[in-house]
Amino acid sequence: MSDLTSRLDAVHLHASAPAGGVHAELRGDSEITLYLSTGYYTEATESELGRRLEQLGKLLWAERIRAYRRLAEQPGSGVLLIDPDPHLSREDARFVVERGRLVATGASPDGHVTIEVRGMSDWKVTVRPGSLRVLDEDTFTRAVEIAAARMIEDQFMKNLQLKAQAYGEPA
């Protein structure tokens, strides 16, 4: 494990949806903990929760990218950060375009929550209608955490496959 990888594993980030009510922590690459403000769950609708979870996903991802850049820019990280170059190799250009099209998904085991993200920028969180009537708050937050972890794993695996296709490396 590289030093950067071990430092990334120690990263602990927090974000809140701009309108409030929904908060999360991200530890390492994929350990998500979701928190709802007191009383929010009983007042929310499925579509409202979905929108706020989408906002939260975008914010956590942006925080993750900032944390990665901070760590990678430290002396001795072993990572060279290169800003987008108009003279990318054919393989690099293909990878960048295809990564922007990559769709990762994750769903809770009961199907009440589905998370889909395209290019890690277009987020869609679906909370199945009626879910808030049949799930208590703890069960719901756990469903979101599982769906998020599955989406992150799907993103990771598809990114590995994309690298193999773009650069001819074994997956």
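Reply: Helices here are DSSP runs of H or I with at least four residues, strands are runs of E with at least two, and both are numbered from the N terminus. Before going on: this is a predicted model, where local features need pLDDT of at least 70, side-chain atom pairs count only at pLDDT 80 or more, and totals for chains, interfaces and linings use all residues. Residues are numbered from 1 along each chain as its sequence is written, and side-chain values use heavy atoms, with hydrogens and water left out.

Back to α6. The helix has 31 residues and reaches 45 Å from first C-alpha to last, close to the 45 Å expected (1.5 Å times one less than the number of residues). At its start, a side-chain oxygen of Asp-136 comes within 3.3 Å of the backbone nitrogen of Asp-138. That's a polar contact: N or O atoms within 3.5 Å, one able to donate a hydrogen and the other to accept it, with sequence-adjacent residues counting only if both atoms are side-chain atoms.

Now the packing. The largest nonpolar core has 39 residues, and Val-22, Leu-49, Leu-53 and Phe-140 have the most contacts inside it. Such a core is a set of buried Ala, Val, Leu, Ile, Met, Phe, Trp, Tyr and Cys residues joined through side-chain atoms within 4.5 Å; buried means under 20% relative accessible area with a 1.4 Å probe, protein chains only. α6 gives the most to this core, eight residues, while among the others supplying at least two each are β1, β2, β3 and α3 (46–72).

Val-22 sits in β2 (residues 22–27), where five of six residues are buried. Setting aside neighbours within four places, Val-22 is in contact (heavy atoms within 4.5 Å) with residues including Leu-34, Leu-49 and Leu-53. β2 runs antiparallel to β1 (residues 12–16), joined by five bridges, and antiparallel to β3 (residues 31–36), joined by six; strands pair if DSSP finds at least two bridges between them. Ser-16 is bridged to His-23, and Ala-24 to Leu-34.

One more spot: Ser-108, in the loop between β4 (103–107) and β5 (113–118). Ser-108 counts as buried because its relative accessibility is 4%. Its side chain reaches the backbone nitrogen of His-112 at 3.1 Å. Leaving out residues up to four places away, Ser-108 touches Val-113, Ala-143, Ile-146, Ala-147 and Arg-150.

Definitions and conventions. Buried means under 20% relative accessible area, exposed over 50%, partly exposed in between (1.4 Å probe, protein chains only).
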